[in-house]
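Please open the model in a viewer and keep the selection tool at hand. The tour below moves from one selection to the next and describes what is found at each stop.

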Amino acid sequence: MKLVTIDDIRIAADRIRPHVVRTPLLAARWGDGRRPLWVKPENLQPVGAFKVRGAFNAISALTGSAATGDGPTVVAYSSGNHAQAVAYAAAAHGLTAHIVMPEETPKIKVQATREYGAQVVLCAAGERETVAAQVLADTGGVLIPPFDHPDVIAGQGTIGLEIAADLPDVQNVLIPVSGGGLASGIGVAIRALCPQARIFGIEPELAGDTAAGLACGHRVDWPIEDRNRTIADGLRSQPSDLTFAHLQQVLDGVITVAESEIRAAVRELAHRAHLVSEPSGAVALAAYRKGATPPGRTVLIVSGGNIEPQMLQQILGESAPEEI
């Protein structure tokens with residue numbers, strides 16, 4: 001199996017530069033003194049999540065860097081953020097996009113995907129890959145999967161290039177894990193450029209399949225009904241063979257966090273960092289706050305900020321005075 005390289009990530013950076021935000025590395029003065037903290041706010045991307053990087057790299061690789069309008073139809077399946085990213089990138093290239101999304105996807109993500117011009121197909125839980133295969137057959141399009149693709153992984157890895165440039169002496173990098181594309185890409189870049197750094201994947205306890213798989217040395221399958229229990233709807237996928245192979249190479253460990261810890265992290269990002277994060281985007285801070293990471297200069301990824309307003313209001317309403 002051919003893994004993504006640092007050269008692949010550098011090529012991706014050149015491809016996507018005109019289309020994505022080079023997010024800043026924000027010093028969090030409210031962090032722990034023994035673990036100085038920086039936040040990488042990928043929720044500031046045009047679609048509110050890091051997924052735009054991989055989507056633009058994969059679609060630009062198909063069409064060339066310039067918008068053409070005469071390229072293939074693109075098809076994707078996603079619980080939300082990859083859907084928006086592919087829809088946005090396809091529109092920028094003048095392409096038609098068909099996106100398959102589970103019925104339980106937050107409405108804010110479905111609506112945003114449609115607003116970017118994509119045709120959305122809703123499906124039952126656990127059926128998105130099957131339905132996408134049928135859409136692919138019907139349209140004759142090209143599949144842009146959410147993580148199981150070298151160009152997608154390389155695009156997400158451009159975050160690692162930016163971290164290495166802004167904080168070359170970073171000691172800990174905390175990355176949300178679901179399908180594993182984000183952690184795979186960033187991990188490759190950090191391993192190449194900051195070899196002294198420790199890299200941790202973070203996932204919900206209720207969707208802890210990556211932690212379980214790495215502990216036993218092979219991928220494990222958790223039923224979708226179990227994974228759907230977590231509030232972190234963007235972290236309900238499982239690694240593919242490709243991403244799992246990367247994770248085995250680049251991660252120093254996986255930390256799981258409880259639902260209450262995720263909710264507290266959403267609140268803290270709002271109150272302390274003035275950042276809106278979806279639950280999936282807040283898990284790295286949840287891991288940092290539970291004291292599960294070693295001392296040293298720490299960077300955490302806020303991977304997305306697409307949260308239903310009602311959910312955000314509810315979570316913020318749970319604030320304890322000492323959290324503010």
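This is a predicted model, in which local features need pLDDT of at least 70 and side-chain atom pairs count only at pLDDT 80 or more, while totals for chains, interfaces and linings use all residues. Residues are numbered from 1 along each chain as its sequence is written, and side-chain values use heavy atoms, with hydrogens and water left out.

**First stop: the two domains**

Select residues 6-46 together with 149-317 as domain 1, and colour residues 53-143 separately as domain 2. These bounds come from an automatic or database domain assignment. The C-alpha centres of domain 1 and domain 2 are 23 Å apart. To their contact (heavy atoms within 4.5 Å), domain 1 contributes 29 residues and domain 2 contributes 22 residues. About 2000 Å² is buried between domain 1 and domain 2, and carbon and sulfur atoms give 49% of that area. Buried area here is the accessible area (1.4 Å probe) that two parts lose on being put together, summed over both.

**Second stop: the cavities**

On a 1 Å grid over the protein atoms alone, a cavity is a set of points where a 1.4 Å probe fits but cannot get out; a pocket is an open set with protein on both sides within 12 Å along at least five of seven lines, and lining residues have an atom within 4 Å of a point. Grid points are joined across faces, edges and corners, and a volume is the space filled by probe spheres set on the points.

How many cavities of 30 Å³ or more are there? The count is two. Begin with the largest cavity, whose volume is about 270 Å³. Select Phe50, Lys51, Ser178, Gly234 and Leu235, which are the closest to its centre among the 25 residues that line it. Helix H3 (81-92) and helix H7 (181-193) each supply at least two of the lining residues. Helices (H or I, at least four residues) are DSSP runs, numbered from the N terminus.

For the second largest cavity, of about 30 Å³, select the lining residues Pro106, Asp233, Glu278, Pro279, Asn306, Ile307, Glu308 and Met311.

Next, select Arg128, Ile224, Arg227, Arg236 and Ser237, which lie nearest the centre of the largest pocket, among its 20 lining residues. Helix H5 (128-139) and helix H9 (224-227) are the elements that give two or more residues to this lining. The space in the largest pocket is about 300 Å³. Its lining draws at least three residues from each of domain 1 and domain 2.

The second largest pocket holds about 170 Å³ of space. Select its lining: Ala13, Ile16, Arg17, Val20, Val21, Arg22, Arg53, Thr158, Leu161 and Glu162. Which helix gives the most to this lining? H6 does, with three residues.

**Last stop: histidine 274**

Finally, centre the view on histidine 274, in the loop between helix H11 (259-272) and helix H12 (279-289). Most residues other than glycine have a negative phi. Histidine 274, however, has a positive phi, near 60 degrees. Is histidine 274 buried or exposed? Histidine 274 counts as exposed because its relative accessibility is 67%, where buried means under 20% relative accessible area, exposed over 50% and partly exposed in between (1.4 Å probe, protein chains only).
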